[in-house]
Amino acid sequence: MPRDATDTRARLIEAAERLFARRGVHEATTREILEAAGQRNVSALTYHFGSRERLLWAILDRHNGPLEVGRAERLVEPAEEMTTRQLVASLASWPS
């Protein structure tokens, strides 16, 4: 029976997230991400995500859901009836 890859994927995402935030997306190396995630298999990132770009999308997807919920909560009336300030505030995720 194959091992569950959920934990490995989560560790890779968390490690990449920290390194991308600290060093930048283009400065953090794949080797650093693998090491921070506790992975010895040098192809783990490619196996689980296909590429660094898809790993970055996985990080963005992880955070996008909660942001969208907050935005939806702030859109209390149809967008056409909101002031520009209210609309921008709801999309930029700060209270109006």
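Helices are DSSP runs of H or I with at least four residues, numbered from the N terminus, and in this predicted model one such run, H1, spans residues 6-23 and contains Ile13.

Figure 1. The chain has five helices and zero strands, so that, read from the N terminus, its elements follow the order α-α-α-α-α. With a radius of gyration of 18 Å, well over the 12 Å that the globule rule gives for 96 residues, the chain is more spread out than a compact globule. Taken along the principal axes, the box that the C-alpha atoms fill is roughly 55 × 35 × 20 Å. Of the 96 residues in the chain, 25% are buried, and among contacts between residues at least 6 apart in sequence, 41% join residues at least 24 apart.

**Figure 2. The largest nonpolar core.** This core has 16 residues, and those with the most contacts inside it are Leu12, Ile13, Ala16, Phe20, Ile33, Phe49 and Leu55. The elements that give two or more residues to the core are H1, helix H2 (30-36), helix H3 (44-49) and H4, and H1 gives the most, with six residues. In soluble globular proteins, nonpolar side chains tend to be buried together.

Figure 3. When its neighbours within four places in sequence are left aside, Ile13 is in contact with Phe49, Leu55, Ala58, Ile59 and Arg62. Val42, by comparison, is 29 residues from Ile13 along the chain, and the C-alpha atoms of these two residues are separated by 15 Å.

**Figure 4. Contacts of Leu12, a residue of the core.** Leu12 is one of the residues with the most contacts inside the largest nonpolar core. Leaving aside neighbours within four places in sequence, the residues in contact with Leu12 are Ile33, Leu34, Ala37, Gln39, Ala44, Leu45, His48, Phe49 and Leu55. Two of these partners, Gln39 and His48, are the subjects of the next two views.

**Figure 5. Gln39 in the loop between H2 and H3.** Gln39 is placed in the loop that lies between H2 and H3, and with a relative accessible area of 18% this residue is buried.

**Figure 6. His48 in helix H3.** His48 is found in helix H3 and is buried, its relative accessible area being 15%. Beyond residues up to four places away in sequence, His48 touches Ala5, Thr8, Arg9 and Leu12.

**Figure 7. The packing of H1 against H4.** Two packed helices are described by the angle between their axes and the distance between the axes. For H1 and H4 the angle is about 95° and the axes are 10 Å apart; since angles of 65 to 115 degrees count as roughly perpendicular, the two helices are therefore roughly perpendicular to each other. On the H1 side the contact involves Leu12, Ile13, Glu14, Ala16, Glu17 and Phe20, which meet Arg52, Leu55, Leu56, Ala58, Ile59, Arg62 and His63 in H4. The residues of this contact divide into eight nonpolar, one polar and four charged.

Figure 8. Leu60 is found in helix H4 and, at 42% relative accessibility, counts as partly exposed. Val69 also lies in H4, which comprises residues 52-74, and is likewise partly exposed, with a relative accessibility of 49%. Leu60 and Thr84 are 24 residues apart in sequence and 26 Å apart in space, C-alpha to C-alpha, whereas the C-alpha atoms of Val69 and Ala28, 41 residues apart along the chain, are separated by 30 Å.

**Figure 9. Gln86 in helix H5.** Gln86 has its place in helix H5, which covers residues 84-91, and counts as partly exposed at 28% relative accessibility. Between Gln86 and Ala5, which are 81 residues apart along the chain, the separation of the C-alpha atoms is 42 Å.

Key: Residues numbered from 1 in each chain as written. Predicted model: local features only at pLDDT ≥ 70, side-chain atom pairs only at ≥ 80, totals over all residues. Heavy atoms only, no water. Contact = heavy atoms within 4.5 Å. Buried < 20%, exposed > 50% of the residue type's maximum accessible area, 1.4 Å probe, protein only. Core = buried A, V, L, I, M, F, W, Y, C linked by side-chain atoms within 4.5 Å. Axes fitted to C-alpha atoms, helices over the stretch in contact; angles between N-to-C directions. Parallel < 35°, antiparallel > 145°, perpendicular 65-115°, else oblique. Nonpolar A, V, L, I, M, F, W, Y, C, P; charged D, E, K, R; others polar. Rg over C-alpha atoms; globule rule 2.2 N^0.38 Å.
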